[in-house]
Amino acid sequence: MKQALLLFAALTGLAGFSVAARAAEPAPAVTAAPAVAGPIPVARLVAEKCAGCHSTDGNSPTPNVPRLAGQHADYLYKQLRNFKAADGEPPGPKNPMYPTPSDLVYVAAPEGKLPERKNPLWFLAMNGMVHGLSDADMKNLAIFFSEQTLVPAKSALGPDKLEPARLLFVAGDPARRLPACGSCHGPTGAGLPAQVPRLAGQSAAYTEAQLRNFRSGDRTNDPNMMMRDATNRLTDEEMHLLADYIAGLR
Ligand code: HEC
Ligand code: HEC
């Protein structure tokens with residue numbers, strides 16, 4: 001019953017939103033090119049939409065909120081697109097809504113498309129956040145945060161765990177066909193633009209959550225299932241170990 005009510009609320013919300021989106025569409029230009037409003041200045045976007053969680057310089061103090069500072073711009077841009085229901089599309093018939101914040105319920109667009117990247121945390125904060133962002137806004141935000149200086153997280157790894165963690169990261173475990181994280185992300189976790197993100201200095205809680213999301217299939221935006229393959233044989237303990245190790249990488 002609760003589910004049904006939620007679904008009903010979501011669907012009525014959807015109908016309302018689609019109408020509003022359609023009504024807001026400008027009439028087609030018949031003469032000269034219409035004046036196009038430029039992208040919203042990035043500093044204003046950051047202050048009004050992002051800083052509350054990620055901080056103005058992209059060094060979030062909250063463990064579950066990732067540090068964006070110094071991350072590769074292409075990767076950040078891709079993530080912002082992937083949080084949208086129909087990859088990167090502006091609000092409109094193909095991307096009419098984002099998942100309902102009323103509960104952890106994802107509601108598919110009419111074509112049945114769910115965002116490739118969903119974040120169950122904080123009522124799907126990021127899926128909602130990207131909703132009104134244009135392509136230019138997403139690019140500008142990605143560049144802005146990539147240009148900030150990373151304040152790296154601290155590692156809570158005990159000295160006795162350092163070597164096993166390092167081995168797992170740089171060598172994997174061939175006996176279990178576990179690929180080395182470092183073979184893609186680099187031995188120091190610096191990543192490889194444009195596809196492979198930097199990991200070094202990221203908050204451990206966030207990294208661990210992403211490893212779990214890839215393993216469970218909640219996050220499906222990794223090209224060629226690279227991360228789903230890399231995580232599907234990892235134990236909870238190994239994920240915890242790797243996340244702590246990564247936080248301490250520089
Ligand atoms: C209400 C809090 C909140 C706000 C506001 C917010 N974010 Fe986020 N953001 C998060 C959380 C939480 C995550 C982690 C999501 C997950 O666990 O998958 C995240 C993840 C991200 C990621 C993915 C990073 C990675 O390493 O993959 C990007 C990029 C991002 N946010 C950009 C932004 C931008 C740009 C804005 C402003 C337009 C913004 N966020 C506003 C909470 C927020
Ligand atoms: C075959 C290459 C490959 C291997 C091996 C690999 N990764 Fe990845 N990883 C990627 C790519 C590509 C992405 C970006 C996915 C996307 O576009 O969202 C990624 C994303 C991630 C993320 C998400 C970062 C963020 O900011 O949200 C984490 C965490 C991560 N990898 C950790 C690891 C760990 C730990 C290992 C080893 C167990 C590993 N990866 C092995 C290619 C790889």
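Reader: Which residues come nearest to ligand 1?

Author: In this predicted model, a residue counts as part of the shell if its C-beta atom, placed from the backbone, lies within 6 Å of the ligand. Of the 22 residues around ligand 1, those that come nearest are Lys49, Cys50, Cys53, Asn119 and Ala125. Two or more residues of this shell come from each of α2 (42-54), α3 (73-82) and α4 (125-129), and α2 gives the most, with six residues. By class, the shell around ligand 1 holds 15 nonpolar, six polar and one charged residue.

Reader: Which residues are closest to ligand 2, and which element gives the most to its shell?

Author: Ligand 2 is surrounded by 22 residues, the closest being Pro179, Cys181, Cys184, Met226 and Ala230. At least two residues each are supplied by α7 (181-185), α8 and α9, while α7 gives the most, with four residues. The shell around ligand 2 divides into 14 nonpolar, six polar and two charged residues.

Reader: Which residues touch the most other members of the largest nonpolar core?

Author: As a general idea, nonpolar side chains in soluble globular proteins tend to be buried together. Here the largest nonpolar core has 19 residues, of which Ala165, Leu242, Ala243, Tyr245 and Ile246 touch the most other members. The elements that give two or more residues to this core are α6 (159-171), α8 (204-216), α9 (226-231) and α10 (236-248), and α10 gives the most, with six residues. Apart from this core lies another, of 15 residues, including Val46, Ala69, Met126 and Met138.

Technical notes:
Residues numbered from 1 in each chain as written. Chains lettered and ligands numbered in written order. Predicted model: local features only at pLDDT ≥ 70, side-chain atom pairs only at ≥ 80, totals over all residues. Nonpolar A, V, L, I, M, F, W, Y, C, P; charged D, E, K, R; others polar. Core = buried A, V, L, I, M, F, W, Y, C linked by C-beta atoms within 7 Å. Buried ≥ 20, exposed ≤ 12 C-beta atoms within 10 Å, placed from the backbone.
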